Amino acid sequence: MNSFVQTMKPRIRSFRESMYLLARNKLSLFALIILVILVLGAIFAPYIVPYPEDFYDAVHTNEQLLPPSAEHWMGTDELGRDIFSRVVYGARISLTAALAAVGLSLLIGIPLGAIAGSFGGWVDNVIMRITDVFLSFPPLLLAIAMVALLGSSLNNAVLAIALSWWPWYTRLIRGQAISVKERKFVQAAETIGTSRARIIFKHIIPNCISPVIVQASMDIGGVILTVASLSFLGLGAQLPTPEWGLMISTGRRFFPDSWWYCIFPGIAIFITVLCFNLLGDAIREILDPKTRKN
Amino acid sequence: MKKLLSLVLALAMVFCLAACGESSGDGTTASASPADNKILYHTTNTEPYITLDPSTEYSNGIMVLQNVYETLTRYNPETGEVDPLLATEWSSNDDGTVWVFQLRDDVTFHDGTQMTSQQVVNSITRTMELGQGGAYIWDAVLESNGGKIEATGDYEVTITCGYPAAMDLITSAGYAAYIMSDSVIEQTTEWFNEGNDGGTGPYTIAQASGDTVVLRAYEDYRGGWTDDQYKNVMIRQVPESSARRQMLETGECQISGDFSATDLAALKEETDIVYTEQFETFNNIVMFLNTQTYPCNNADFRRALAYAFPYEETVTSILNGNAQQSVGMVPEGLWGHSDEIMQYTCDMDKAAEYLELSGVDPSTVSLTVTYISSYDEYASALQIFQANLRQLGIDLELRGMEWDQQWAQAQNTNPEDRQDLFVFIWWPDYPDPVSWFQSLLHSEDNIVYNLSYLNDPELDALIDSAISKTVTDREGAEADYIAAQQIVAENAYVLNLYDQMHTFVVSNTIQGVAENPAYSQAIQYYNVTTVAE
């Protein structure tokens, strides 16, 4: 019991310190609160939206393109569906897709970067030249090309984004790994005969992870935008999925007379991306003492 | 002294250039007549052509080709018959196997050469030899089928068919029937796509760049030109309905169509700027059901789908009345159409009844429907269909695609990899029901447009019989076509969704915009004139 308390004490202290640093930055705290609301909204969407059936199944052709009102806070779309309900459901799709794409990129990028940095030599060369090939294309263009090959769907869009995003994490962690592998605790582990795999996964990766976490938290906003862009181009989510980019794409043909159709999903994207960027800044401040103000 | 001379010369040049380019205040220059500089802008939601080869183009290029090339005859929608165009008169033998066309003797090609019968023969021979696009319309003339085409006088062409064929209708086709100069016969499709042409029509192609085509008047056109006509036409793709609407409102374009229902409704209110022209077309929207694979190989399941489609809602709510529900394959206004053919209505009780009869467990079924993603009305209608099917417990996945992708999947050699449902628009190659039956419903060894993958001997026999009777026994052919449509409806091989109407929104400054249903999408710009103030 004593040992457990001893172990947990520094972690609790560290958590408290992080919360203190986060609370000190009002903008980041605001972003965190918004994101928490967004996540809760996404999770409990069926219980909080006024028209849960409008997520997928329903059409009400007698209520087409109604402007915002007390009954429909964000108006209705061309098939009479409540846009507020669909925007809230859309949070589910956008957040899930973004987390899946970033998670998948991390799963590919972190081990490859750590292996490249730890082994060096030809292994490093091969891995880094492959990442250079991927990095030579803009991520959105590469994702478009991949979706064109795989076929249009949200799952394929997520896969395509992950496949175009991982090299950034590989490069980042490789740089860290090169520095960490020279440190004494790694050399000590090598000396006592610890296997290379154990050194990489037990010692190198945990000590390289901070910048990757910062980068990933900031990337989520970018990935949400990319998912929305692919859906806007017809390469991501398919109708009638209430994905924000797809909603804007469908709504643009009604824009001159029914502005609400595009504007509200657009605002949802804007707020979400902004909040993730602010939160990313805050996480960087917490994990990297050098960037802290005061 | 040299410096002074240089200065005087430079000033003189500047004055000369300024004089040459002096504006007359209405966008034209003083050196040319107003008619020479006026430009008619037509914006479209699709690209104006796929190719510009008059022998092989089989799509949107009709918008351009109808103004650059001409055919021997032209369909008249008011009489339902064909009128003379490059031919002055024609006759056939009793069984419709030998046709003699007399040609005009005052037609010149854009290269200045005179049109003679040999060039007509060479044009049709080129199209037959290339065998692409709508070239099948000449099948009866193929040597392998016992046919031939020959010049039997300077201005007389004799076409011998291997079997009876309505050559007067075939020569009026919007595809594969264009007459071109001998000077371009040997040219490739790429050469035509660079913006070259060799037609006899009122316009030549001045520029072609994928999404834009510029047409310029052929000054020696036999009909002549007047000042109120447009000698320059720009056809440009602007995919967004709202952008096309804005261009009309600001006067940046004078003709456009294919607006979303809301944009069209708004434009109809702006009577001080524009007016609308609505035309019946021979275009209809069909949904093919994959009869080769489970569960659409089950006739009762197909009938359940047929009763679940929201026909009326599509016409009223999605298309705002700019269409009508189809009755059979052949649209109203064309021979072969009958209002007596069985017509499905949206009836969810009947759909559930047929689903039960089919024995298909809906929970095990997941259907996919493919459609061209740029057609927003398809997406809206299919979402209502999807919601209706959900009531039956059937899952429908919507896949909006580019046409090439959609068609490639439909032609996959493995039937299991094809879609369950396929939506697209069809219009005839020439005003004859054969276009729907031969292309869409007749069995074929290699799948082209038979996208329900039908192989029904009874249907094939009726189609073959109708084709053979078209010239000699029109009533008999019509009866066969009607019987064929009844089979298609009863078996729900294809769902006939709606017949399209084309609405053009036109600037108040021009008149004469008209669309002939036999040449869907094409406007004869030669007939468009400015409105006198």
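Modeller: The expected span of a helix is 1.5 Å times one less than its number of residues. In this predicted model, that definition may be applied to helix H4 of chain A, which covers residues 83-119 and so has 37 residues. From its first C-alpha to its last, H4(A) reaches 53 Å, close to the 54 Å expected. Just after the helix, A:Gly120 takes a positive phi of about 65°.

The surroundings of H4(A) come next. The helix is mostly covered, with 27 of its 37 residues buried; a residue is called buried if 20 or more other C-beta atoms lie within 10 Å of its own. One partner of H4(A) is helix H9 of chain A, formed by residues 196-232. The two helices pack at an angle of about 145°, and their axes are 8 Å apart. Their crossing is right-handed.

The residues that meet can be named on both sides. From H4(A), they include A:Ser94, A:Ala97, A:Ala101, A:Leu106, A:Ile110 and A:Ser118. From H9(A), they include A:Ile200, A:Ile204, A:Cys208, A:Val212, A:Asp219 and A:Val227. By class, this contact of H4(A) with H9(A) comprises 19 nonpolar residues, two polar residues and one charged residue. A:Asp219 of H9(A) is the charged one, because Asp counts as charged. To summarise, H4(A) is a helix of 37 residues that is mostly covered and packs with H9(A) at an angle of about 145°.

Terms used:
Residues are numbered from 1 along each chain as its sequence is written. Chains are lettered from A and ligands numbered from 1 in the order in which they are written. This is a predicted model: local features need pLDDT of at least 70, side-chain atom pairs count only at pLDDT 80 or more; totals for chains, interfaces and linings use all residues. Helices (H or I, at least four residues) and strands (E, at least two) are DSSP runs, numbered from the N terminus. A residue is buried if 20 or more other C-beta atoms lie within 10 Å of its own, exposed if 12 or fewer, and partly exposed in between; C-beta atoms are placed from the backbone. Axes are lines fitted to C-alpha atoms, for helices over the stretch in contact, and angles run from 0 to 180 degrees between N-to-C directions. A crossing is left-handed if the near helix is turned anticlockwise from the far one by less than a right angle, and right-handed if clockwise. Two residues are in contact if their C-beta atoms, placed from the backbone, lie within 7 Å.
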